Amino acid sequence: IWRLVMLDLSLVRNRLLSQASNPLRDISITANVEEAMRETVQAPRAMLMHLGEAFGRNAAASAQVSHMVQVEFGVLLAVPDLGRRDEKGVLNAPRAFVRRALLGWAPDEDNGLTAIECRRGQLMAAGPVLWWLDTFATEYIATGAGA
């Protein structure tokens, strides 16, 4: 019997939507970044996406499985910068909002997901819209009986 845990990004989306002082017009869940980046952006918005999983070594020396699984997800921010003024300035408020809402919060404690940590951030594209990806992670212990 396996205990299957997966990160439900709707929990992350709901967390962001429930916070006061939300500077984001829209928060969506997507798997198609290319399509999302073709959309018109007139106000700051965020797109949430799964980025991958990393599996640790099995701690059990039997048919029983017990190992740590790290789950990464991204928050892709799209912020208009029509004047191409100061990329850091226009990104500051949305990035700070997302970090305040997510860092240290556990998305599903009942299923063993741990508090969220930030991994890295990177500029994906710049122009009339700045596209910035912040990567976050949580983890859980996968358990089950092998065949």
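Biologist: What makes S1, helix H2 and S2 a right-handed β-α-β unit?

Modeller: The unit consists of S1, helix H2 (residues 33–38) and S2. Its crossover is called right-handed because, with the strands pointing away from the viewer, the path from the first strand over the helix to the second runs clockwise. Helices (H or I, at least four residues) and strands (E, at least two) are DSSP runs, numbered from the N terminus. The model is predicted, and local features need pLDDT of at least 70, side-chain atom pairs pLDDT 80 or more, while totals for chains, interfaces and linings use all residues. Residues are numbered from 1 along each chain as its sequence is written, and side-chain values use heavy atoms, without hydrogens and water.

Biologist: How do you know that strand S1 is joined to S2?

Modeller: Two strands pair if DSSP finds at least two bridges between them. Here four bridges join S1 (residues 26–29) to S2, and the strands run parallel; Ile27 stands opposite Ala46 in S2.

Biologist: Why is Arg45 called buried?

Modeller: Buried means under 20% relative accessible area, exposed over 50%, and partly exposed in between (1.4 Å probe, protein chains only). Arg45 has 12%, so it is buried. This residue belongs to strand S2 (residues 45–55). Leaving aside neighbours within four places in sequence, Arg45 is in contact (heavy atoms within 4.5 Å) with several residues, including Leu24, Asp26 and Leu76.

Biologist: What makes the pairing of the side chains of Arg45 and Glu39 a polar contact?

Modeller: The term requires a pair of N or O atoms within 3.5 Å; within protein, one must be able to donate a hydrogen and the other to accept it, and residues adjacent in sequence count only if both atoms are side-chain atoms. The distance between these side chains is 2.9 Å, so the pair qualifies.

Biologist: How do you know that Glu72 forms a salt bridge with Arg119?

Modeller: A salt bridge needs a side-chain nitrogen of Lys or Arg within 4 Å of a carboxyl oxygen of Asp or Glu. The closest N and O atoms of Glu72 and Arg119 are 3.0 Å apart, so the pair qualifies. Glu72 lies in strand S3 (residues 64–80) and Arg119 in strand S4 (residues 117–125), so the bridge ties together parts that are 47 residues apart in sequence. Glu72 is buried at 17%, whereas Arg119 is partly exposed at 30%.

Biologist: What phi does Ser21 have?

Modeller: Its phi is positive, about 60 degrees, although Ser21 is not a glycine. Most residues other than glycine have a negative phi. Ser21 is found in the loop between helix H1 (9–17) and S1, and its 63% relative accessible area places it among exposed residues.

Biologist: How many residues has the largest nonpolar core?

Modeller: It has 28 residues, and Val12, Leu16 and Phe73 are among those with the most contacts inside it. A nonpolar core is a set of buried Ala, Val, Leu, Ile, Met, Phe, Trp, Tyr and Cys residues joined through side-chain atoms within 4.5 Å. Apart from it lies another core, of nine residues, among them Ala36 and Trp131.
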